[in-house]
Structures are given as structure tokens and as C-alpha cells.
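Hi,

Here is the structure I said I would pass on.

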Amino acid sequence: MPDTAVPSVLFVCVHNAGRSQMAAAFLTHLAGDRVQVRSAGSAPAATVNPAVVAAMAESGIDVSAEVPKVLTVEAVQASDVVITMGCGDTCPVFPGKRYLDWRLPDPAGQGVDAVRPIRDDIERRVRGLIDEIAPRTP
């Protein structure tokens, strides 16, 4: 990872309406200004999945105003860590970037009961990521 004051993370999934939105929201909520956060999709949906909005609200995080964004080369270039969540081969790869692939079920078309375990898995992974790239200093 480049030696920058604030690491930047890009979460990528297909629709940018579920997994990547949850991950970005958790990272923003838990790390605050210690990490720069982006999310995008290779084929963005029109809106964030309503079951995702409901599941995140249960965790005290409001993602209702979020809008799915298209994945750009510039977003990848501007990020230190790129975390893919099922975007397949559409995610551009650049030397010097750290890539992680989080294999998670797609919440598309699922109800809130099915989204909760995905949300909880993402939160656990994000907490681990924060400990690694932006630990609190005493």
C-alpha cells in the first residue's frame, strides 16, 4: 500500500446496491476520517436494495440516500485497496494496488432475513480491515 496519511479503499460489486454499499457504510461508520472510502459497481442498479437499507438501519446506519455508482478506472487508480465482491473480470487491475476478493452471497432479490447474515459477515470483515490498515493510535 502506498505511504499515504489516509489509506483509501474501493469496494466493488456488480450492482453497487448491496454488498459494496454495506461495506462502504460500515467502513465509513467505524473508521471515520481514518480511511477514504469509495464504492462502485460494474453494472450499477438504479437504487440500493431496499432489504439492504432495512438491514443496515437495524445496525444504526442509514444508507437510504446512497446511489449506486459506476466503476471507473479513476476510482481504482485513486485507491490503495480494492475489494471485489463478485464483479468478476470487469474490475481493472493496476500494479501496486492491493486486491482482495470477498466471496459473499449476492443480496439481490433477497429479503431482509437473508441480508442480515451477509451484513454481519461484511461488518466482521470491515472491522478486520480497519485493524490492519487504519488501527487507532493510543
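Two things before you start. This is a predicted model, so local features need pLDDT of at least 70 and side-chain atom pairs count only at pLDDT 80 or more, while totals for chains, interfaces and linings use all residues. Residues are numbered from 1 along each chain as its sequence is written, and side-chain values use heavy atoms, with hydrogens and water left out.

Confidence first: pLDDT (the predictor's confidence in each residue, from 0 to 100) averages 91 over the protein, and 93% of the residues score at least 70.

The protein has four helices and four strands, which are DSSP runs numbered from the N terminus (helices are H or I with at least four residues, strands are E with at least two). Along the sequence they follow the pattern β-α-β-α-α-β-β-α. Of the 138 residues, 44% count as buried, where buried means under 20% relative accessible area, exposed over 50% and partly exposed in between (1.4 Å probe, protein chains only).

Now the inside. A nonpolar core here is a set of buried Ala, Val, Leu, Ile, Met, Phe, Trp, Tyr and Cys residues joined through side-chain atoms within 4.5 Å. The largest one has 32 residues, and Val 9, Phe 11, Leu 27 and Val 126 have the most contacts inside it. E1, H1, H2, E3 and H4 each give two or more residues to this core, with the largest share, eight residues, coming from H1. A second, separate core of seven residues includes Ala 40, Leu 71, Val 76 and Val 82.

Helix H4 (residues 112-133) is worth a look. Its buried residues include Val 115, Ile 118, Ile 122 and Val 126. Among the elements that cover the buried residues of H4 are strand E1 (8-13) and helix H1 (19-31). Leaving aside neighbours within four places in sequence, Val 126 is in contact (heavy atoms within 4.5 Å) with Phe 11, Ala 23, Phe 26, Leu 27, Leu 30 and Trp 102.

Last, the loop between E1 and H1, where you will find Asn 16. Is Asn 16 buried or exposed? Asn 16 counts as buried because its relative accessibility is 0%. Its side chain reaches the backbone nitrogen of Lys 69 at 2.7 Å, and beyond four places in sequence the contacts of Asn 16 include Gln 21, Ser 39 and Pro 68.

Cheers

How values were computed: Polar contact = N/O pair within 3.5 Å; in protein donor to acceptor, adjacent residues only side chain to side chain.
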